[in-house]
Amino acid sequence: MTPQRPAPPSFQQILRRAALWAALAFWPLPALAQEPDTTVQLTSRSGSLRLTGSLLGYDGRYLRVATEHGELTLPLAGVSCEGMACPDPETWVPELRLSGAARLGELVLPALVDGYARERGLAIETVETDATHRHYALVEAEGGETRLRVSFRLTSTEDGFADLLADEADLAMAERLLDAEELALARDAGLGRLDSPGRLQLIGLDALVPVVAPGRRLRALSLPQLSRLYAGEITDWSRLGGTPGPVRLHLGPEASGQMQGFEALVLGRSERVLSPEVIRHPDTDTLAAAVAADPGGIGMLPFGRLGTTQPLTLGGPCGLRSNASAETVMTGDFPLTLPLVLYRPMRRLPEAAEAFLDWIASAEAQLVLRRAGVTGLAPLPIPIEAQGRRLAGAVLAAGEDVGLGELQRMLRVLEPRQRLSTTFRFEPGAAALDAVSRSHVVQLAHAIRDGRHNGESLLLAGFSDGLGGPVANHDLSLERAEAVRAAVLSLLGGTLPAGVALEVAAFGEALPMGCDDTETGRGINRRVELWVAPLR
């Protein structure tokens, strides 16, 4: 449910508050542009107030201006604008500027732009100025009027974030979540909390899969083994039970958000650093070809882009194993699942740009994402009959804390239902949802509001890792399920529509999806699953 944006204050109110904003130093004041073509002089309609600044943007109604008082937003209709940069509402064309992860800008988002244009009956004019810039114009088939310009700067997650801070992009494209330091920089710069649902737009989910050359006898690795390999601590395949021979490590470009995400998940959480012996490759196809041709090689490739390599299963000492599949990526049960996201600051965008961004969540956009090789967000039904492996894992992992009676109780509750791939995960040891799951909450609330669950009983089933005692784990998993329910209800105004039920259940550590020997495995186990059945 999209919150209503309050109208910006009047021109007089802005000026009265400006001195206070400057005194509080709420964010570092942007320097006035030196180039004359961005300088504007704004005068109130009464002529009593005048303001000079650098034009940062215009969304069709409101000007965004950097001034000595800070960044201000005010309606063009309320002022007289003088200067070369002043927009002409009659000839102005809405624009959306994106910068960041090359994979998103090369393939995923252009496919969405194309799909959106086709659905709206618009033609696309494409300009590729160089290897790092793409420009698209969405044009009316009759009359040739441009409805929206979309531009991409293809760099990296880090560079996209830098462009966002420098006001050189409206959105940052990222293949990983921003870290705490980056989020703090964004807040200090006045961009808002970029990890909140209104600022983080989840496009889809991807995963990094360990791969080797075809024919290698190795079939599975644990996360600790993968960490030791890429830290250079395991240098011969015989250490993993394979044919003796040196290990050669392959990865994609250092600036890739996915590669940075891999280092954080696999190496950073075990306090290891990447081996200097890693062989870097400029793109996914080159990396896949190199690993496939190297009998001693191992690499990390995006799910769906494995080429002719042999993927490895990820497992652990507890006996649980996970293969990368559409199901395990969409649920986040595969340990190396990574989000594909857009970060958007607290700035107004043109209505045409907002319409495109809203469309990305539609069923039509999800089909486009699948054709582009990306796991989308449309919930995937997973019947309980298809979950034999993980139910068997629950039996094998059962011990003193999880007895037969608890497993039977869980199956009695879940057996009449089917699981949806929407899964909510949490910060360590808490009932606080992580950034991706906060977006899932919004999506579920929208689905309920739009009637997609009419006549259904939804169950939020809470699970925990196995670090605490059984009573504490049960209570924590219940608290997490109730936290998700409360967040969904809050977005729905406190009540559910008629014909929809939303219940909770808690099963503690009864159904582990990962081994608790790593933080990544424990994070997979801390979850709330969504199960559905017809409403009785």
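**Strand pairing and helix packing in the predicted model**

V212 of strand β11 (residues 200-212) stands opposite I298 in β15, with strands taken as DSSP runs of E at least two residues long, helices as runs of H or I of at least four, and both numbered from the N terminus. The model is a predicted one, with local features needing pLDDT of at least 70 and side-chain atom pairs counting only at pLDDT 80 or more, while totals for chains, interfaces and linings use all residues. Residues are numbered from 1 along each chain as its sequence is written, and side-chain values rest on heavy atoms, leaving out hydrogens and water.

As for burial (under 20% relative accessible area is buried, over 50% exposed, in between partly exposed; 1.4 Å probe, protein chains only), 13 of the 13 residues of β11 are buried, so the strand is largely enclosed by the rest of the structure.

Elsewhere, an open sheet of 5 strands runs in the order β20-β21-β24-β22-β23, with mixed pairing. Its edges are β20 (381-382) and β23 (500-506), each pairing on one side only. Within the sheet, β21 (residues 418-425) and β24 (residues 527-534) are antiparallel over 6 bridges, and R425 sits opposite R527 of β24. Helix α12 (residues 404-414) packs on this sheet and touches β22 (456-463), β23 and β24, a contact being heavy atoms within 4.5 Å. The direction of α12 makes about 155° with that of β22; angles run from 0 to 180 degrees between N-to-C directions, and axes are lines fitted to C-alpha atoms, for helices over the stretch in contact. Helix α14 (residues 470-491) packs on the sheet too, touching β21, β22, β23 and β24, and its direction makes about 160° with that of β23.

Then there is a helix pair: the axes of α2 (residues 102-119) and α9 (residues 351-359) come within 10 Å and cross at roughly 105°. The two are therefore roughly perpendicular (65 to 115 degrees; under 35 is roughly parallel, over 145 roughly antiparallel, the rest oblique). L112, V113, G115, Y116 and E119 of α2 meet A352, A355, F356 and W359 of α9.

Technical notes
Two strands pair if DSSP finds at least two bridges between them.
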